[in-house]
Amino acid sequence: MKDETTIKVVMDSSDELLTVPDVAKRIGTEPNFVRDLLKTGLLPYISFGRYKRVRKFALNKFLAQCDGVDLTAKVAEYKAAAKFRECHDQREHCKSSVVAF
């Protein structure tokens, strides 16, 4: 007797992939703010080259976890830290490229 395995895939709306503008529309913000959430790692995403997609399930989980949290402050903290690192890295690069005579 031949052993046959059947795999049943059930798709539901939680598997839906949302674009950055879709996410922005759902949470009532601008797409640039959503991109900031993606850059900070606060909002998980799937990348297809330069295209970012957010699973509907991941967005709902993110919103539940961040209920009552000021995300603009979190994004501002991340940007300030990134700017500091960039400035620090540039200074270190300048120091290492100075030639001593």
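So, D36: this residue is buried, at a relative accessible area of 14% (buried is under 20%, exposed over 50%, partly exposed in between, with a 1.4 Å probe and protein chains only). Keep in mind that this is a predicted model, where local features need pLDDT of at least 70, side-chain atom pairs need 80 or more, and totals for chains, interfaces and linings take in all residues. Numbering starts from 1 along each chain as its sequence is written, and side-chain values use heavy atoms, leaving out hydrogens and water.

D36 sits in helix α2, residues 31-40 (helices are DSSP runs of H or I with at least four residues, strands are E runs of at least two, numbered from the N terminus). Leaving aside residues up to four places away in sequence, D36 touches V75 and K79, contact being heavy atoms within 4.5 Å. With K79 there's a side-chain to side-chain polar contact at 3.1 Å (N or O atoms within 3.5 Å, one able to donate a hydrogen and the other to accept it; sequence neighbours count only if both atoms are side-chain atoms).

Zooming out, the protein chain has four helices and three strands, running β-α-α-β-β-α-α from the N terminus. Of its 101 residues, 19% count as buried.

Now the helix pair. α1 (residues 20-27) packs on α3 (residues 56-65) at about 35°, axes 12 Å apart; axes are fitted to C-alpha atoms over the stretch in contact, and angles run from 0 to 180 degrees between N-to-C directions. On the α1 side you have V23, R26 and I27, and α3 brings K56, L59 and L63.
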